[in-house]
Amino acid sequence: MTLALLSVYVPQVLAQMLPAPALIDISQDCGLTISGKTLDHDSREVLIGATVYIPELDRAAVSDAYGNYHFHQLCQGSYTLRVTYIGYQQEDFPVKLTGSTARNLQLHADAKTLSTVEITGAHLKEQAQSQQTLEGRELEQTRGLALAETLKGIAGVTTLQTGPNISKPVIHGLHSNRVLLLNNGVRQEGQQWGSEHAPEIDPFVASEMRVIKGAAGVRYGADAIGGVIIVEPKPLRSVPGISGDLHLLGSTNNRQLATSAMVEGNLSKVPPLSWRLQGTLKKAGNATTPDYYLENTGLREQNFSAALGYNKEQFGAEVFFSQFNTKLGILKESHIGNLTDLLGAIARGKPSNADNVAFTYDISRPYQDVHHNLLKAKGFWQLGNAGKLEFVYGWQRNMRQEYDIQRSSPTKPSLQLILNTHTTETVFAHKPLGRFTGSVGVSSIYQRNVYEYSAFLPYFTGTTVGAFAIERWQKDRLQLEAGLRYDYKHLLVKRLENDRELQKPEYDFNNVSGTIGAMYDVGYHLTFGLSATSAWRAPGANELFSQGVHHSAATYEEGDSTLTSEQAYNFELSTDYYGNLRLNGTLSLYHNYISNFIYLAPQAEPRLTTRGAYPAFKYTQADATLTGADLSLNYTFVPGLKLESKTSVLYARNLDTDDYLVYMPSNRFDNSLHYDFGKIGEGSKVTDAYVSVGGVYVAEQKRVPTKSEQDYAPAPAGYFLLTAKAGTTVHFGRQPVEISVTGNNLLNTVYREYLNKLRYFADEPGRLIMFHIRVPFNFSKS
Amino acid sequence: MKKLFRPYLSAFLLGSLLVSATACKDSDDPEPLDDEELITTMTVTLVPEGKGGTVIATFTDPDGDGGAAPTIETMALKPNTTYNATITIADDSPNGAGDITSEIRTEGNDHELFWVANPSNLLTAQKIDKDANNRPLGLAATVTTTNAGSGTLTITLKHQPGLKGATSDANKGETDIMAAFPVSIQE
């Protein structure tokens, strides 16, 4: 586009309101250029046709089909670039021009025009603290995997496993009740303290998964010491019609079969009313290592969810219900009696029955049977010019049954826990006041736990109330944020001492969490973020009172009723290099200091039981630090061909014993090469084809405790796994069908992972190839 | 403004109703457990062939894991003597099932007891009973002593569902009860 053409686009109304032309000597020799892209601040998508206006010169340009704008023949001096675009806030960008320069202009979506969009929508860089989102094709490629496995693609996120079918997400070395899961706006409350208790969430519900790395206690409440995982379904349909999709999955190795279907609609007669139904079925049998089947490692899963929403511009309400049911087989070999049995299993090197195990879908003892119900009600109101008020209520019922191998063959479980949780949250987000945006809120949690068949975890009733305020201030390239939260927790425990005498100890915990952060946009596609955040966690009932044998670990675990809260302080420096033609990336350096970190410390004296001697562990507190770095880089060689590289490094120390912390993820490097074919010919039936080949290298964990014997077997050797993916969309008439194939451990490598609790007993699964078909459908009248 | 809060109020009331509905059961207290799987006691009865008195040694932990430590009695044996030894297994906890030896014998195909002397020349123990598949069981054994001495006799009951083969293997399966009896052999 030429400048002559562009001048036509100057809005008349603006031209009339123009100040007098700035006093710049236009006769001097001026040959400078300023150019760049107009972008959406959050999605980084280019904005086509945005008006860029320089009031000082009374000149304007419109960004072209690639979002590019140009001004030529400028003189040195200070100018203002005023950018306007429909649906976005008008913004002024001051520039001091001393030479030709490139400058990208980022616009913020106008809150008014987007008022019906949920505030939980993806804002890539809303906070100074690191967060990463998995969505779109990247998320589709993980369909069929468990929730934690899905998140493995994010630098700094690993998994803690118990065999091939039980996994938990680990963020920067922390997991279980130090990582908060926000499912559909409600904090997930299962028995998340257990290292072999996987999150009870169907990943097919999500259209987006966001991970906040590091302590994030202020917005999300106590316990978020390691980070927060936000699982969000897509907003309900807002256009009349019916649409949905169907997934079909099948895999080799454990011969997993899965299907998931979703139907949603919006009533043309009652436009604010929308609904959605969704369900998933999953079945897998014994997984296989390169050499043998893993006995009793199948799984079953049946989930469904339903949502109904009534949304208008000024107010809206939504009801959501979901049920998650799973039966998870546990490697038979791992059910052992005492330390002698464990050492026997380690010495054997493979399960004693390995050569006789065949493939089967049958699951026998030991296994877990878990049911999780979630009922959520949500409402929002736009309070005129004041802001937006939102209320969320959630009820969850979690029933966990564990069936151990028993001498006789009864039908009853060995352990049953039922946890009922009610949560409420009320948040008021005020309209921007000058340069300030922010929100205040109150929340409550009421939960009650009962057991049957085993008293490993006592009866307890917990009540938590909290209040928070967060404000953001933004001017030009600088954004500052600060937040404060107070929480109070009451815990009433009921337990039978020696299975007879009823005791009712009570606890009160309260604490403050805070956050401060700064973000600075240097220009040249570079942003710096600096944040200091804190979170605290009250000791759980298991840490206070658990007492007994932990079978698969062959340990005797003992709680300590005098434990106090742990408090984390997280410092992070991040740089973001984005929007560039070739090289883009993010580097995050973090340091997490946790005072009174609760962990299982080995005791000098083993505990003698009728089944022999067990190493004794007691919940103990110490100060700990977790320091590390996450680096994500991608490099585009030619359009379509891209190298993605991710590196995570973590050093975790126990300051009291001056030793490494046990069970921390080792260094890992993940590299892959992607090629997008783009459109193959004009009017082709095949679109969006891609292939990718990659590999993950996991180093041997050399940072293991040395001063006290905490592990029964040395950390396994490092390993390399080859992966490959390919996919495309085939169009049958107007009906698209997405097809993809994913291959894991393609070289059939024999390996063991340090963070798999069953590494003492068996190898990891071998080669796995997964096939995925997705059929989207749409019955809109258009 | 009032109108705006009406749905909020009803949602809140609904919420608190649900809270109180489940809160009603709050008065419930935990009940003592009935652990059908617990094994607390192993008793070895050694009857000498010929002259001499019967020796009975018991290993027991009636309050289960934790609490008071298990108690264990010493086997006082005579040198150069052959004993017919039998084992009884019991759950002697407060609500326990009592003697469960017959239950173990019935499920003999999935169980085996292992007798290990330390030092190994302290005594010899020869299992004399068989399970339904004619494999060793170990609830009964012939114990033979030679010289005077002292050491331990560790008897382990292993649960080996589907793992029991033609030859005995103490490393397989899960330990149900393990008792290390001090042994003293003297005239």
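Predicted model: local features only at pLDDT ≥ 70, side-chain atom pairs only at ≥ 80, totals over all residues.

Q: OK, what secondary structure does chain B have?

A: There are 2 helices and 11 strands in chain B. Starting at the N terminus, the order is α-β-β-β-β-β-β-α-β-β-β-β-β.

Q: And how much of the contact in chain B is between residues 24 or more positions apart?

A: Taking the contacts of chain B with a separation of 6 or more, 64% are between residues 24 or more positions apart.

Q: Do tell me about a sheet. Which strands of chain B form the open one, and in what order?

A: That open sheet has 4 strands, ordered E4-E11-E10-E7 in chain B, and its pairing is mixed. E4(B), residues 75-77, and E7(B), residues 111-118, are the edge strands; each has a single partner strand, so one side of each has no neighbour in the sheet.

Q: How many degrees are neighbouring strands turned against each other?

A: On average 25 degrees in this sheet, with direction ignored.

Q: Changing topic, how many residues of chain B are in contact with chain A?

A: 37 residues of chain B, and they are in contact with 48 residues of chain A. On the chain B side, the elements giving two or more residues are helix H1 (2-23) and E11.

Q: Which element gives the largest share?

A: H1(B) does, with 8 residues. Sorted by class, the chain B side that touches chain A has 16 nonpolar, 9 polar and 12 charged residues.

Q: Where in chain B is the pLDDT below 50?

A: One such stretch is residues 1-5 of chain B, which has 1 contact in the model beyond near neighbours in sequence. Another is residues 19-26 of chain B, with 5 contacts counted that way.

Q: What about the scores for the model?

A: The ipTM is 0.76 and the pTM is 0.81.

Q: Let's look at chain A. Which residues of helix H6(A) are buried?

A: H6(A) covers residues 339-348, and its buried residues are Thr340(A), Asp341(A), Leu342(A) and Ala345(A).

Q: What do the buried residues pack against?

A: They pack against strand E35 (612-614) of chain A together with strand E11 (174-185) of chain B. That's E11 again, the strand that also pairs with E4(B).

Q: And what follows H6(A)?

A: Gly349(A) does, and its phi is positive, near 85 degrees.

Q: Last one: how is chain A divided into domains?

A: Into domain 1 (3-107) and domain 2 (231-778). The C-alpha centres of these domains of chain A lie 46 Å apart. In chain A, 5 residues of domain 1 are in contact with 5 residues of domain 2. The domain 1 side of that contact has 2 nonpolar, 1 polar and 2 charged residues.

Note on methods: Residues numbered from 1 in each chain as written. Chains lettered and ligands numbered in written order. Domains from an automatic or database assignment. Contact = placed C-beta atoms within 7 Å. Nonpolar A, V, L, I, M, F, W, Y, C, P; charged D, E, K, R; others polar. Buried ≥ 20, exposed ≤ 12 C-beta atoms within 10 Å, placed from the backbone. pLDDT = per-residue confidence, 0-100. Pairing = 2+ DSSP bridges. Axes fitted to C-alpha atoms, helices over the stretch in contact; angles between N-to-C directions.
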